[in-house]
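Okay, everyone, let me put this one up on the screen. Have a look at it before I start talking.

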Amino acid sequence: MINIFLVRSIKVTCVSFLLLLSFCIQAKRSEYHIEIKNHLFYPARVVIPANEKVKLVIHNNDDNVEEFDSFELNREKVIFPNRSATIFIGPLPAGEYNFFGEYNPHSARGTIIVKDKPQNQIINTGEKNVN
Amino acid sequence: MLINTVLLFLQNALPVFIITTLLLLRFSSKTINSISIKWIFLSFTLAIISAFILSNYLEYISQTADGRGFEMFFSFGFLLVYFSSIGLFILNKSRDNTFIKIQLAFIMFFIISCLNGAHFIVYLTSYWAKAQQVESLLIGVILGGGICLSIAILFYFLLKYTDQNIHTSTSNYFLLLFTVGQLMHVIVLLQQVDIVPSSQPIWDSSRLIAENSELGQLLTVLFGYETTPSALQFIIYVMAFTFPVMISNAKKLLLFFRGEQS
């Protein structure tokens, strides 16, 4: 009896998960690019519009794996060497949100600046923000 | 490198130590004395081998499904952990179905160990190549392991005490809360790749307990603590905890609504 219940539960879980994925409709999002070179983020400061979900594409040009991490943005993504990874952030209220490379937290640091008026991205280079 | 390795090890290994503690507590009672040292050793070995294999394929997995493979794979794993814990929670009072309980416990332990282990191995193998960092990595792993073991032993005796003196099911509720915390990873991972909609946070408790503080990180591992949760996260957290509790106490609730005493 319990076995049947368990098998049914697992089936329902799998079907629900697949349904959730199939219902996912991708809307067009503004795209922002960040590069990782020598354990630094370029640009280290990215400006995005407030109350809007945006797509962040991170390219890892290093030979080591890196992890994009941010407690404030609630994001964590492993980026393999010479690969790109995509994450979505927002909608966020205006403010500054720090991020860092979890495997090189002293050098790889940056900030997402969320502003009410939509502006276009780069306002600084990664090098100037190095500790 | 040393401190970073300790922190990363704690982040990835602590959930494995906590789930091991909770499952050992769950199966160490006299009524269900069914887990032997041989089984524990076999489970550990299998989890470590699987974590190594998975770490080799993580790069490939992360590139699948339009770059969403990593999140989907981990989400499915954490969902299985949560549903296994519901099964274990509901079957808690029954003295039968021991084999099913062991299977559910094994699924939980295996998935948590494998996913967290693979994540840490990716970091370890990537930085192992730099000869000057091998010593730091080794010392970091040993220190991290010592801290995890200390926390696990502390929790084991604390929960054993509360089970015996405060409420018999404390560790069972703790296990459910721990897996609800794991379920929160699913929401965050799926929001991260735009599969689940994300909204603005409903509160910000970072001034009370910052997520990057020691206490914040411990609470994140134990209960899925989040300083800026979205409405969806909050609703799912509450429902994911109350739903199994209600099913488990269905008889008592029915009697209560009928105005009878159990």
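So, what share of the contacts in chain B with a separation of 6 or more comes from residues 24 or more positions apart? It's 78%, where a contact means C-beta atoms, placed from the backbone, within 7 Å.

Quick housekeeping. This is a predicted model, where local features need pLDDT of at least 70 and side-chain atom pairs count only at pLDDT 80 or more, while totals for chains, interfaces and linings use all residues. Residues are numbered from 1 along each chain as its sequence is written, with chains lettered from A and ligands numbered from 1 in the order in which they are written.

Back to chain B: 9 helices and 0 strands, going by DSSP runs (H or I, at least four residues, for helices; E, at least two, for strands) numbered from the N terminus. The C-alpha trace spans about 70 × 45 × 35 Å along its principal axes. Of its 262 residues, 38% are buried, meaning 20 or more other C-beta atoms within 10 Å of a residue's own.

Leaving out residues up to four places away in sequence, B:I19 touches B:M108, B:F109, B:I112 and B:F178.

Last, the interface: 26 residues of chain A contact 26 of chain B. On the chain A side, α1(A) supplies the largest share, 6 residues.

Technical notes:
Contact = placed C-beta atoms within 7 Å. Buried ≥ 20, exposed ≤ 12 C-beta atoms within 10 Å, placed from the backbone.
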